[in-house]
Amino acid sequence: MTDTEDRYHYALVRRAIETLDAAGGANVALEDLAAEVNLSAAHFQRVFSRWAGVSPKKFQHYLALGHAKALLDDRFTTLETAHAVGLSGPGRLHDLFVKWDAMSPGEYASGGSDLTILWGWFESPFGPALIMGTEKGICGIGFSAEMGSDACRDDLVARWPNATYVKDEDALRPQAERAFPATGPSQAQLYLIGAPFQIKVWEALLRIPSGHVTTYSEIATSVGNPRAVRAVGTAVGRNPISWLVPCHRALRKTGGLGGYHWGLPMKRAMLAYETARLEDDPMLAENRA
């Protein structure tokens, strides 16, 4: 898809989610969803299926309020097991072919005072994405669909207040293309900038395969502190590299979505998008079984 198509298609999905949320779990007919976005049913079906890989009717099932609980029942990932079978590590992380490096605690404590961070806006499957990076890799991804572009940028800049920020979309474009490729998995280089405990939590998130989920308590256990569920939740919420470090895959033990820094509609769309892509690719589904 082109950048314009990505923006347009996610805007349709976002409005569809709002319509479904307002329905309170009741089924919404294709014609009614299409009317909400001012398209004919046939046109809406085509553009929506092109984005999601499945029909609006099937995707609506993935967006249902019980979908997160169903994922916990069917695709709950035990992080220790995922690690043992090679789904994580600095070289190759589950379905995302990403590599990562981490800032030292001392460098983090300085608030990024010796760091130059490039930034720019790029299109993604989830609307406009703000990408920040250094020569070591992507250090931040934020989404503006729910909060607006200025608030999104201010949010990420506040993570490293002493860094020098330079807008340079041309320099970042190769990293952005690897983060959101037109086809295939992401192949990004990440630079994790955070406190030591935060980085442990983000490493745990990287062990969750696409289309699967875990819980905050499971993450706490995997980082060696099973009582630190609240601290884990805070660290998940402070993850600066959304999507690639998949904090959207962390749920409450009850199956509730919990929070999401860039808005719950975005979290629901990401989970549904991954489920649709997983189930639409028989080979991928077989590999994840």
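**Notes on aromatic pairs, strands and salt bridges**

1. Eight aromatic pairs turn up when the whole structure is searched. A pair here means rings of Phe, Tyr and Trp (its six-membered ring) with centres within 6.5 Å; planes under 30 degrees apart count as stacked, over 60 as edge-to-face and the rest as tilted. Please keep in mind that this is a predicted model, where local features need pLDDT of at least 70, side-chain atom pairs count only at pLDDT 80 or more, and totals for chains, interfaces and linings use all residues. Residues are numbered from 1 along each chain as its sequence is written, and side-chain values use heavy atoms, with hydrogens and water left out.

2. Let us begin with Phe 126 and Phe 143. Their ring centres are 6.2 Å apart and their planes stand at 90°, so this pair is edge-to-face. Phe 126 sits in the loop between β2 (116–124) and β3 (127–134), while Phe 143 belongs to strand β4 (residues 137–143), so the contact ties together parts that are 17 residues apart in sequence. Helices (H or I, at least four residues) and strands (E, at least two) are DSSP runs, numbered from the N terminus. Phe 126 counts as buried at 0% relative accessibility, and Phe 143 is buried with a relative accessible area of 0%. Buried means under 20% relative accessible area, exposed over 50%, and partly exposed in between (1.4 Å probe, protein chains only).

3. Next come Trp 243 and Tyr 273, whose ring centres lie 6.2 Å apart with planes at 70°, so they too are edge-to-face. Trp 243 is in the loop between α12 (229–237) and β8 (250–251) and Tyr 273 in helix α13 (residues 264–280), so the pair ties together parts 30 residues apart in sequence. Both Trp 243 and Tyr 273 are buried. One aromatic cluster takes in Trp 51, Phe 126, Phe 143, Phe 180, Trp 243 and Tyr 273.

4. Which strands pair with β2? Strand β5 (residues 164–167) runs parallel to β2 and is joined to it by four bridges, and β3 pairs with β2 in the antiparallel sense over seven bridges. Two strands pair if DSSP finds at least two bridges between them. A hairpin of two residues connects β2 to β3. Trp 119 stands opposite Lys 167 in β5, and Trp 121 stands opposite Leu 130 in β3.

5. Trp 119 also has a charged neighbour: Arg 153 lies over its face, 4.3 Å from the ring centre. The test for this is NZ of Lys or CZ of Arg within 6 Å of the ring centre and within 35 degrees of the ring normal.

6. Asp 155 and Arg 159 meet in one of them (2.8 Å, N to O), and both residues are buried.

7. Arg 173 and Asp 170 form a salt bridge with their closest N and O atoms 3.9 Å apart. They are three residues apart in helix α9 (residues 169–179), which puts about one helical turn between them. Arg 173 is partly exposed at 33% relative accessible area, whereas Asp 170 counts as exposed at 62%.

8. Finally, Arg 249 and Glu 274 form a salt bridge with the closest N and O atoms 2.4 Å apart. Arg 249 lies in the loop between α12 and β8 and Glu 274 in helix α13, so the pair ties together parts 25 residues apart in sequence. Arg 249 and Glu 274 are both buried.

Technical notes
Salt bridge = Lys/Arg side-chain N within 4 Å of Asp/Glu carboxyl O.
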